[in-house]
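This briefing goes through one protein chain, topic by topic. Look at the sequence and the structure first, then read the points below.

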Amino acid sequence: MKILKIFLLAAAIFVAMTIPAMGLSGGEYAMNAEGFYAEQARESGAESLYGELPTETQRLLGELGISSVDFYAIFNTSPAAIIDLLMGLLKGQSTVPLRTLLQLMGILMLLAAAQSLVPKGEKLHETLRLVGAALMLVSLIGPISSIFSASAAALSVGADFMLVLLPVYTGIIAASGQPALAIGSGTLAFGVAQGLAQLSRSFVAPFCGMFAALGSIGSFAPEMEIGAITKLVRKLALGTTTAAASLYAALLSLKGVMASAADSLGARGIQLILRTAVPVVGGALSEAYTSIAGSLSMLKSAVGIFGIMAVILINAPVLLQSVVWIIGLKLLGAVAGMLGVESIAALLDAIVAAVTLLSVLVLFGVVLLLLSAGMVLSVKSTPV
C-alpha cells in the first residue's frame, strides 16, 4: 500500500511537470501594459477630455503632436516645438494690433502737424485736441472691445473645461490610492473653477470696459483728475488678485500635505491587511495593488499635465495679443509725449492701464486653474 501511494504521487508530479507553462515576452508585456493604460483612460473618462476642448485649442495641441491624453506623447513634446508654437501664435495675434497702431500713428502725426500750426491758448487748438482724441478713441474702440470680450470668453472656456476635467482628475487620484487628496483638492478646485466661470461671464469685460471709459474721460477733461481714481483701482485689483492667489496656493498646499499623510497611512493599512489576512496569495495581491496604483499615478500625471497645457493654450492667444497691445500703445504714447500731444498720451495711458488690468484678471484666473491641477502633481504619490 505504501509503495502504491509513492507511485501515485510520483505519477502526479510527472504529469504536472509535463503541462506547458505560459509566459509573456517583453513585447507582449509592454503591449498589455499599454492596453491597461488605455483601458484606465477610457473607463475614467480621460479619453474624452480632448473632445471637450475648443477646435482652436485642439489644433494647437495637434501641432505639438498631442491628439489625446497620452502620457508618452505629452512626455515627448520638445521645447523647440513649444517655442515654434508660441512664435506662431505671437505672429498671428500681432496682425490686428499692428495694423491698428499704424493707423493711430498716422492720426497722431496729422494731429501733431495741425497743432503745430495753431498757437496754444486759441480755441482752435483746443478743438484740434478734442477732435484728435476722439479720432484716436473711435479707432481703438473696436479692436480693444474685441480683446476684452475675447479675454473674458477664453477665461470662461478654461474654467468650463476645468469643470469637466476635475471629476475625471479627482476620480483618478482617488483610484490611485489618494482619496483624501482627491476630496480636499477637488472640492477647492471645483469651487474656484465655478467661481471663475461666473466671474468671467458677468464681471471681467464690463469692469475693464468701465475702467477704460473712466480713464478716457480723464484724458478729455484733465481738470477732473480721474487718473488718481484709476491708479487706485488698478493697485487694489493687483493687490487683491495677488493676495487671493497666494492664499489659495497656501491653502491647497496645506490640504495636500495633510491629505498625503492620511492617504499614506491608508495605503499601508491596505497592504498590511492583504499580506496578513489573505492566506497564501496575500503578498501577490499586495504587489498587484502596488502595480495598479503606480499605473493610475502615471495616468494622473498625464491628465494633470494635459489639463495644464490645455488651459495655457486656451488663454495664450489673448494674453499674447494683450502684451502686443500694451507694448505698442506704450510706444505710441511715448511718441505722443515727444510730439507734445499730451491729451493723446493721456488717452493711450488710460487704454494701456485698462488692457493691463484685463491681463492681470485673466492671468489671475489662469494661475488659479493651474494651481488647481499642478498642486496635486507636486504632492508625492502615496508610498507603497
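Leu90 is a residue of helix H5, which covers residues 79-93. In this predicted model, Leu90 has a relative accessibility of 31%.

**Surface**

- Together with Ile83 and Met87, Leu90 makes a nonpolar surface patch of about 280 Å².
- The accessible surface of the protein chain is about 19,900 Å².
- Carbon and sulfur atoms account for 72% of that surface.

**Overall make-up**

- The protein chain has eleven helices and zero strands.
- Its pattern along the sequence is α-α-α-α-α-α-α-α-α-α-α.
- Of the 384 residues in the protein chain, 42% are buried.
- Counting contacts between residues at least 6 apart in sequence, 82% join residues at least 24 apart.

**Helix H3**

- Helix H3 runs through residues 55-63, and Thr57, Leu60 and Leu61 are buried in it.
- These three residues are on the same side of H3, because the arc they cover around the axis is only 100 degrees.
- As a general rule, an α-helix has 3.6 residues a turn, so residues three or four places apart point the same way.

**The largest nonpolar core**

- The largest nonpolar core has 91 residues, and those touching the most other members are Phe148, Val303, Phe306, Leu329 and Ile344.
- The elements that give two or more residues to this core include H3, H5, helix H6 (95-116) and helix H7 (123-175).
- Also among them are helix H8 (179-220), helix H9 (227-277), helix H10 (282-339) and helix H11 (342-378).
- With 19 residues, H11 gives the most to this core.
- Leaving aside residues up to four places away in sequence, Leu329 touches Leu101, Leu104, Leu140, Leu348, Ile351 and Val352.

**Ser359 in helix H11**

- Ser359 is located in helix H11.
- Is Ser359 buried or exposed?
- Ser359 is buried, because its relative accessibility of 11% is under the 20% cut-off.
- The residues touched by Ser359 are Leu319, Ser322 and Ile326, again leaving aside those up to four places away in sequence.

Technical notes: Residues numbered from 1 in each chain as written. Predicted model: local features only at pLDDT ≥ 70, side-chain atom pairs only at ≥ 80, totals over all residues. Heavy atoms only, no water. Helix = DSSP H or I, 4+ residues; strand = E, 2+ residues; numbered from the N terminus. Buried < 20%, exposed > 50% of the residue type's maximum accessible area, 1.4 Å probe, protein only. Contact = heavy atoms within 4.5 Å. Areas by Shrake-Rupley, 256 points an atom, 1.4 Å probe, with all protein chains shown as cover. Arc of directions from axis to C-beta. Patch = residues over 30% accessible without salt bridge, like charges linked within 9 Å, V, L, I, M, F, W, Y side chains within 5 Å. Salt bridge = Lys/Arg side-chain N within 4 Å of Asp/Glu carboxyl O. Core = buried A, V, L, I, M, F, W, Y, C linked by side-chain atoms within 4.5 Å.
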